Amino acid sequence: MSIMKKPELLSPAGNLEKLKAAVLYGADAVYLAGKRFGMRAAADNFTDDEMIEGITHAHEHGVKVYITLNVMPRTSEYEALAKYIRFLSDAHADAVIVSDIGVMELVREVAPDMELHISTQASAVSAQAVRAWSRFGATRVVLARELTLDEVKTIHAAVPDVEIECFIHGSMCVAYSGRCLLSQYYVGRDANRGACAQPCRWEYKTDFGFSEVKRPDQVLTAEEHPEGTFIMSSKDLCMIEHIPELIDAGITSFKIEGRMKSAYYTAAVTNAYRLAIDAYLRDPEGYEYDPAYLRELECVSHREYDTGFFFDRPMDDAKVTYIPGYIREKAYFATAVAASAAGEPALFIQRNKVSVGERCELLSPGKVGVGFTADEMYSDKMEPIESAPHPGMLFYVRVPYDVHTGDIIRGAD
């Protein structure tokens with residue numbers, strides 16, 4: 001009987017706070033970027049000092065750190081890129097994620113011991129492509145998001161010695177493997193160099209359909225809706241109900257998208273998938289999906305959830321959202337800065353206003369949220385208060401559960 005391999009849970013770390021949230025709430029690895037050469041230039045990202053602190057913190061907790069170098073740099077940028085790669089090697093980053101073969105060659109030259117992961121932007125859709133990247137020195141390939149789960153399984157079976165990584169949660173891109181030209185066209189911001197303005201999320205207006213001359217029966221249309229027309233805005237990926245199938249497909253690493261989302265998003269999503277993965281691995285034969293996992297994911301800001309292309313082909317379903325904008329998360333009230341016993345006042349730092357009498361939930365690593373009412377609140381000097389209105393203020397609230405540093409209070413339904 002084969003031994004089931006535990007998949008890696010890979011979480012986004014848009015800044016140091018988010019990295020620490022991912023580590024606390026169960027990530028096996030995090031991915032992040034410095035101030036240059038990453039595909040999320042609008043995220044906070046990491047200074048060199050923050051990078052060293054983040055890598056050190058992660059490693060102290062047994063968590064790996066992968067650095068995104070998946071931009072497509074111009075010739076003039078390679079000298080600076082070489083210095084940055086040397087820095088990452090000295091900082092003991094566990095791997096770099098690349099999409100450009102020139103960058104890959106540079107990494108091999110200046111940091112030959114650095115592990116190489118191939119970005120989803122390389123559009124690897126076959127066992128032959130994965131095998132070729134492996135011959136170039138890659139130990140892992142992040143497959144294109146447009147593959148079905150059966151295709152992923154087939155690729156793993158053909159090249160079992162190469163690690164396979166797949167996105168399993170978060171925003172999806174309307175462009176194939178994220179290689180989009182819209183942002184450059186509209187506002188001169190190159191999506192392939194980390195500066196995407198997300199024009200796919202903008203509202204568009206049209207009052208006609210059109211067809212290719214030789215295919216007059218295949219009319220492409222854009223429907224107008226009273227709330228607006230968002231013909232290219234994708235749904236969000238969510239595979240929480242399909243953990244057994246993902247593991248059975250041989251995926252090495254389950255990747256969560258969201259470096260530009262909040263620390264609360266990182267914590268809650270990481271926690272939900274950690275719960276589901278661990279529950280399945282404890283008892284594969286007796287595993288039953290718990291709807292509480294999805295309820296946790298519905299507590300964060302997201303668009304309509306969907307299983308992406310794991311079970312549907314792009315030509316059959318484009319996965320475009322019909323609800324404009326985000327489905328709002330439950331309010332992120334505060335984070336615990338010290339531990340306390342059940343029933344005792346617990347010290348928190350405020351993120352959003354919370355008032356006496358408000359229904360809340362306490363989110364702790366390894367548990368789903370549990371409800372309570374904020375009946376008693378105090379200032380940091382233990383003076384009774386009616387609310388905590390100021391971001392960053394310290395306050396106490398009496399919680400009927402044990403509280404640990406890093407626990408989160410959020411709003412409740």
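This is a predicted model: local features need pLDDT of at least 70, side-chain atom pairs count only at pLDDT 80 or more; totals for chains, interfaces and linings use all residues.

Reader: Which residue takes a positive phi in the hairpin of strand 14 and strand 15, and how many residues lie between the strands?

Author: First, a word on terms: helices (H or I, at least four residues) and strands (E, at least two) are DSSP runs, numbered from the N terminus. Two strands pair if DSSP finds at least two bridges between them. In this hairpin, 6 residues lie between the strands, and Gly366 takes a positive phi near 85 degrees. Strand 14 and strand 15 pair in the antiparallel sense over 4 bridges, and Arg359 stands opposite Thr373 in strand 15.

Reader: In what order do the strands of the open sheet lie?

Author: The open sheet is formed by 7 strands in the order 15-14-19-11-12-18-16, with antiparallel pairing. Strand 15 (370-373) and strand 16 (377-379) are the edge strands, each of which pairs on one side only. On average, neighbouring strands of this sheet are turned by 35 degrees against each other, direction ignored. In a regular strand the side chains alternate between the two faces of the sheet.

Reader: Which residues are bridge partners of Ile409 in strand 19?

Author: Strand 19 (residues 408-411) is joined to strand 11 (residues 332-336) by 3 bridges, and the two run antiparallel. There, Ala334 stands opposite Ile409. Strand 14 (residues 359-363) is joined to strand 19 by 4 bridges, also antiparallel, and Leu362 has Ile409 as its bridge partner.

Reader: How many bridges pair strand 16 with strand 18?

Author: Strand 16 and strand 18 (residues 394-398) pair over 3 bridges in the antiparallel sense. Phe395 in strand 18 is the bridge partner of Ser379.

Reader: How are two helices compared, and what is the angle between helix 1 and helix 2?

Author: Axes are lines fitted to C-alpha atoms, for helices over the stretch in contact, and angles run from 0 to 180 degrees between N-to-C directions. Helix 1 (residues 16-24) and helix 2 (residues 48-60) pack at an angle of about 5 degrees, and their axes are 10 Å apart. Helix 1 is therefore roughly parallel to helix 2; angles under 35 degrees count as roughly parallel, over 145 as roughly antiparallel, 65 to 115 as roughly perpendicular and the rest as oblique.

Reader: Which residues make this contact?

Author: Contact means heavy atoms within 4.5 Å. Helix 1 contributes Leu16, Leu19, Lys20 and Val23, and helix 2 contributes Glu50, Glu53, Gly54, His57 and Ala58. By class, this contact has 4 nonpolar, 2 polar and 3 charged residues. Ala, Val, Leu, Ile, Met, Phe, Trp, Tyr, Cys and Pro count as nonpolar, Asp, Glu, Lys and Arg as charged, and the others, Gly among them, as polar.

Reader: Is Glu296 buried or exposed?

Author: Buried means under 20% relative accessible area, exposed over 50%, and partly exposed in between (1.4 Å probe, protein chains only). Glu296 is located in helix 10 (residues 291-297) and counts as buried because its relative accessibility is 4%. Leaving aside neighbours within four places in sequence, Glu296 is in contact with Ala272, Leu363, Val368, Gly369 and Arg410.

Reader: Is Asp150 buried or exposed?

Author: Asp150, found in helix 6 (residues 149-158), is exposed, with a relative accessible area of 59%. The C-alpha atoms of Asp150 and Leu246 are separated by 10.0 Å, and these residues are 96 apart along the chain.

Reader: What phi values do Ser123 and Met382 have?

Author: Ser123 has a positive phi of about 60 degrees although it is not a glycine. Ser123 lies in the loop between strand 5 (115-118) and helix 5 (127-135) and, at 14% relative accessibility, counts as buried. Met382, also not a glycine, has a positive phi of about 65 degrees. Met382 belongs to the loop between strand 16 and strand 17 (387-388) and is partly exposed, with a relative accessible area of 40%.

Reader: How many helices and strands does the chain have?

Author: The chain has 10 helices and 19 strands. Of its 413 residues, 53% are buried.

Conventions:
Residues are numbered from 1 along each chain as its sequence is written. Side-chain values use heavy atoms; hydrogens and water are left out.
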